[in-house]
Structures are given as structure tokens and as C-alpha cells.
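Subject: Handing over a structure, with notes

Dear colleague,

I am passing this structure on to you, and I would be grateful if you could read the notes below with the model open beside them.

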Amino acid sequence: SMGVVEWDVLVTDEYQTITTMDAADLIRNYIHHYFGCEECRTNFLKDYDACSLRRCERLSKNHTKSRSELRQLPLWLWETH
């Protein structure tokens, strides 16, 4: 799919990558500022800021090409939901 192709392009160029923790922070900030459901927003931010489901251990602050590390963000989001 196009999303996979675009992700692979971003992952292969070390100057264009962001860490899984950076990506998670972007999602957190989007939800904080733009998510319409107040209860959902409050619950997500509470869980995010508390590192629920081991978010702070699972997501990396380092640039990586490891598929197992890169999978942790979508898995964490799915588990959080």
C-alpha cells in the first residue's frame, strides 16, 4: 500500500526519520489540541502521561530501523484504545 511505501522511504533516510517517541508525542499533542471528545481526550492524556501499558519502555527515543521497535507505537495505540 502507499502508506507502507511512504513509511519505508522515511525509515531508510536517517535525516528524515523521527523516533517512535517523537511520533507518539505528535499524536498526544494532536489529541490534546484537536480531539473533539472531551472524555476520550482526558482519558488518553491521562494514560499517555502516566506511561500506561509500558509506553515509556516500549517506545524509543533513538532513531531505529528495527521493525520490532517500529511496531511498538501502533501496537501501543491499539492497546490503549
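The notes that follow take up the pocket, the nonpolar core and the cysteines.

Please keep in mind that this is a predicted model, in which local features need pLDDT of at least 70 and side-chain atom pairs count only at pLDDT 80 or more, while totals for chains, interfaces and linings use all residues. Residues are numbered from 1 along each chain as its sequence is written, and side-chain values use heavy atoms, with hydrogens and water left out.

The largest pocket has a volume of about 250 Å³. A pocket here is an open set of points on a 1 Å grid over the protein atoms alone, where a 1.4 Å probe fits, with protein on both sides within 12 Å along at least five of seven lines, and lining residues have an atom within 4 Å of a point; the volume is the space filled by probe spheres set on the points, which are joined across faces, edges and corners. Its lining includes Ile-27, Phe-35, Cys-40, Asp-47 and His-81, and by class it has six nonpolar, three polar and one charged residues. Helix 2 (20-34), helix 3 (38-49) and helix 6 (72-80) each supply at least two residues of this lining, with helix 3 giving the most, four residues; helices are DSSP runs (H or I, at least four residues), numbered from the N terminus.

The largest nonpolar core holds 10 residues in all, among them Met-21, Phe-44, Leu-59 and Trp-76. Such a core is a set of buried Ala, Val, Leu, Ile, Met, Phe, Trp, Tyr and Cys residues joined through side-chain atoms within 4.5 Å, where buried means under 20% relative accessible area, exposed over 50% and partly exposed in between (1.4 Å probe, protein chains only). The largest share of this core, four residues, comes from helix 2. Leu-59 touches Thr-20, Met-21, Ala-24, Gln-72 and Leu-73 (heavy atoms within 4.5 Å), not counting residues up to four places away in sequence.

Finally, the cysteines: the count comes to one disulfide, defined as a pair of cysteine sulfur atoms within 2.5 Å. The partners are Cys-51 and Cys-56, their sulfur atoms 1.7 Å apart, and their link is left-handed, with -40° about the S-S bond. Cys-51 counts as partly exposed because its relative accessibility is 25%, and Cys-56 does so at 37%.

With best wishes

How values were computed. Nonpolar A, V, L, I, M, F, W, Y, C, P; charged D, E, K, R; others polar.
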